[in-house]
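Hi,

Here is the structure we talked about. My notes on charges and surface follow below it.

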Amino acid sequence: MFQSKIDTPPRRTAPAAAVRAAAAARAPWSAGTRRDTLFLAAGLPFGLPCVIVIGLPSAALLFGLALLTVLFDLQSTAQRSRVRALRGVEVPGRIPPDAPWLVRLRAGLTWRQAVHHLLVAPLQMLCAGLALGLWGAAVVLTGFFGWVWLLPPGYPLRSGPGWVAEGALATLGGLLLLAATPWLVALLAAVDLWTVRALLGPNRAEVLERRVEHLARSRVDVVDAADAERRRIERDLHDGAQQRLVSLAMNLGLARRTLKHLPPEAMEVIVAAHEEAQAAVKELHDLVRGLHPAVLEDRGLDAALSGIAARSPVPVHLTVDLPGRIAPTVEAVAYFTVSEALANAAKHSRASRVDLLLHRVADRLRITITDDGVGGADADRGTGLTGLRKRAASVDGSFAITSPRGGPTTITMELPCEL
Amino acid sequence: MRAVIAEDSVLLRIGIVKVLESEGYEVVAAVGDAEALLAAVEEHRPQIVVADVRMPPGFTDEGVRAALMIRRQWPGTAVVLLSQFVEERYAADLLANNTSGVGYLLKQRVANVDEFVEALQRVAQGGTALDPEVVAQLLLRRDRDPLHRLTPRERDVLALMAEGRSNTAIAESLVVSDSAVSKHINSILTKLDLPPAEDSHRRVLAVLRFLEVSQ
């Protein structure tokens, strides 16, 4: 019952409460108003250099402007720390202090920074000055009767006709100003913050650029981590389970060879166990090779590929022209794509020969796989080919296939040598 | 026959020692790294050495380098290398100067004790024992005209010859008669412009020379 009461919020009172809360936040004595005022006041000095320079005689003006450009970075840093300290807002986008001049000139930030320090900061200084002036006027006017009371008796202001009515008017005006200034201060502070962020921070293009850089980096990390994990599993399996299994099979084989006097039933069991253990050794060997072949890590692509080429049911003509090693993750991608492509060719192409060529073109590894089979492979339908494309894409590689009916089929891949 | 074993995996080392001893070899040393292997060979002068390719401290090709050193210093020592994977360049290095008394096997092959023992005996008697996968990779690299003249059956026979098998073993493996194997071999040797020879060692030498492993 009362749950429904809780579920339905008191809608009609909400706007009123919001207004009350906003008014409380904008009270002249509220913390928010104090912070806004402080923020504006802290912005005052930033317009000064520009105002001073403009006030210089024309001979010194050029020199002054040059000096200002040197001060820009310093000013930006100071602005950012003002915003960070008083608003808790981090404005990124600093140009590295050691960046060459050409990079500086081409960076959009340099120009937005100039606009801010030459144009916006002086304006903001005026606005901040205005706001502080209003505060002063409001306080002075509100306290009119207090000031008058402090004056010595007989002072003209106190004795003129109608001074009480004028004084009441002044107090009223002061009170109105006192109520209005917080709103103005809040508005100016918001505009100030907005211009600092817009002109000293990165613009949308730069934000996106940074995001893309970040994503590219994190994707490389993810791909690398997956590859490292595969290698770790391979190493663990090889050093652990595989060795034990081989030694088990060896002992069973030894028993089979030496225990000639056993009853035939016992021998049968040993023979069966030996066969089973050998099959397990072979299975594990194939599994480990599928994870991450040790030969790839130790000896590189050429040696690893000659292994799969030699085991391929379709004769492979392999040419590897790769001076030195490339990034391990790319080696792994190349290895697995070639392995899958050869398996595909063996399964579907009815080819009698596959030509496999790997060579380096500038900073790209180009892989060409050609078979003389029946063709008709379609990258949009075959799941195997989609897998190849995905593998290539995982390191920003390109993948292309031409496979007219009747053949031949050519797969071309290009992978970056370094990530 | 004195034997020295170098294998860093203790389990496997014990297993290999047992196999060799059961075959009547006298295992004079069983060590875990290449340095100890060289020291043991220096001290015991064994007739046969069984060594893992990948050993401490680098876990790369310590075994191959030790084997080459042993072959250079004591050319009569038969060497069988065990490797986790096939790397034909190791085999090529090993076979470069002398093909007699050399073996290069995948580690997993030792699980089949019969085959392993047979390979050991072949090498101990001055023969050659190459893993089928090594041979397949060596053939892959020698994609030259004379090879194309061979029929697929003749290629199979050539591969088995390169592993170091006898005619009888080839006949068994291909399920054909001995005389058929002889015929294939004669045909291969003719096609490769190599004079026919009865001696199996010279035959292997001829095959490997054709594979351009040796100069």
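Is B:Lys107 buried or exposed? B:Lys107 is buried, with a relative accessible area of 8%. Keep in mind that this is a predicted model.

The partner of B:Lys107 is B:Glu7: their side chains meet in a salt bridge, 3.4 Å from N to O. B:Glu7 sits in the loop between β1 (2-6) and α1 (10-22) of chain B, and B:Lys107 in the loop between β5 (102-106) and α5 (113-124), so the pair ties together parts 100 residues apart in sequence. B:Glu7 is buried too, at 1% relative accessibility.

Other salt bridges

The structure holds 33 salt bridges over all chains.

- B:Glu118 and B:Arg122 meet at 3.1 Å, N to O. Both lie in helix α5 of chain B, 4 residues apart, about one turn of the helix. B:Glu118 is partly exposed at 34%, whereas B:Arg122 counts as buried at 16%.
- A:Arg353 bridges to A:Asp355, with the closest N and O atoms 3.2 Å apart. A:Arg353 is partly exposed at 31% relative accessibility, and A:Asp355 is partly exposed at 29%.
- A:Arg299, A:Asp302, B:Glu87 and B:Arg89 form a linked network of salt bridges.

Nonpolar surface

A:Leu62, A:Leu65, A:Val115, A:Leu118 and A:Leu119 make a nonpolar surface patch of about 450 Å². Helices α5 (58-87) and α7 (108-142) of chain A each give two or more residues to the patch. α7(A) gives the most, with 3 residues. A:Leu118 is in helix α7 of chain A. A:Leu118 is partly exposed, at 32% relative accessible area.

Best wishes

Notes
Residues numbered from 1 in each chain as written. Chains lettered and ligands numbered in written order. Predicted model: local features only at pLDDT ≥ 70, side-chain atom pairs only at ≥ 80, totals over all residues. Heavy atoms only, no water. Patch = residues over 30% accessible without salt bridge, like charges linked within 9 Å, V, L, I, M, F, W, Y side chains within 5 Å. Areas by Shrake-Rupley, 256 points an atom, 1.4 Å probe, with all protein chains shown as cover. Salt bridge = Lys/Arg side-chain N within 4 Å of Asp/Glu carboxyl O. Buried < 20%, exposed > 50% of the residue type's maximum accessible area, 1.4 Å probe, protein only.
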